[in-house]
Amino acid sequence: MSRGSGLGTTSNKKISVIILRSIVISAVFALILMALLVQISQSSFSKSSLTSTAEVRISDAKQSFSDSEAEINELTEGLNEEYLSKARTFSEMISLNPDILNDADTLEEIRVQLGVDELHVTDENGVIQWGTIPEYFGFDFSESEQTIQFLPILTDSSFELAQEAQKKKCFST
């Protein structure tokens, strides 16, 4: 009997080893599968988090740009009104005393007081006849796209233009 018992014990041990091996392999496979699922989950969460953060930053940048653009527009409007006010003041000074146009020193003083770079006054045809830069005398506003925009003022005294800043083009006389 001991032989039969011995065979049964060996056979039981083999079955136990097979079952144990199957359990260990299943457990290892389950752990690997769980680790893989955790990695996929974390990766997906990280991508989602990064995308969300990027979207927030882009939104913040757009808002900042929009705010800056609004501030620039507000400043531009303020500067335009200031420049138009200076032009109206100079026009009023000429109306009160047209002789100032023939006095270069007085025109220079007015330029400094108004805080502008230069003063130009045209005749009824849009040709510069007076100002603080004699090199421009004789320049016809109708000959340049940059200055042609000002010509309506010759026939419409209510016309005002604060021209968008641009590089000064060389005036030829």
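L36 is partly exposed, with a relative accessible area of 48%; in this report, buried means under 20% relative accessible area, exposed over 50%, and partly exposed in between, using a 1.4 Å probe and protein chains only. The structure you are looking at is a predicted model, in which local features need pLDDT of at least 70 and side-chain atom pairs count only at pLDDT 80 or more, while totals for chains, interfaces and linings use all residues. Residues are numbered from 1 along each chain as its sequence is written, and side-chain values use heavy atoms, with hydrogens and water left out.

**Along helix α1**

L36 lies in helix α1, which covers residues 2–96. Helices here are DSSP runs of H or I with at least four residues, and strands are runs of E with at least two, numbered from the N terminus. Together with F29, L33, L37 and I40, L36 makes a nonpolar surface patch of about 520 Å². I32 is also found in helix α1, and at 54% relative accessibility I32 counts as exposed.

A patch of another kind involves D67, E71, E74 and E77, which form a negative surface patch. D67 belongs to helix α1 and is partly exposed, with a relative accessible area of 38%. Patches are made of residues with over 30% relative accessible area and no salt bridge, like charges being joined within 9 Å and nonpolar side chains (Val, Leu, Ile, Met, Phe, Trp, Tyr) within 5 Å. Asp and Glu count as negative, Lys and Arg as positive, and His and the chain ends are not counted. The place of a charge is taken as NZ of Lys, CZ of Arg, CG of Asp or CD of Glu. Accessible areas come from the Shrake-Rupley method with a 1.4 Å probe.

**Salt bridges**

Four salt bridges turn up in a search of the whole structure, each being a side-chain nitrogen of Lys or Arg within 4 Å of a carboxyl oxygen of Asp or Glu.

| Pair | N to O distance |
|---|---|
| E82 and K86 | 3.2 Å |
| E160 and R88 | 2.5 Å |
| E108 and R111 | 2.6 Å |

E82 and K86 are four residues apart in helix α1, so about one helical turn separates them. E82 is partly exposed at 37% relative accessible area, whereas K86 is buried at 18%.

E160 is partly exposed at 39%, and R88 is partly exposed at 35%. E81, R88 and E160 are linked in a network of salt bridges.

In helix α2, E108 and R111 are three residues apart, so they too are separated by about one helical turn. E108 counts as partly exposed at 31% relative accessibility, while R111 counts as buried at 17%.

**The nonpolar core**

The largest nonpolar core has 10 residues: F90, I94, I100, L101, L107, I110, L114, V116, L119 and V121. Helices α1 and α2 (104–114) each supply at least two residues of this core. The largest share, three residues, comes from α2. A nonpolar core is a set of buried Ala, Val, Leu, Ile, Met, Phe, Trp, Tyr and Cys residues joined through side-chain atoms within 4.5 Å.
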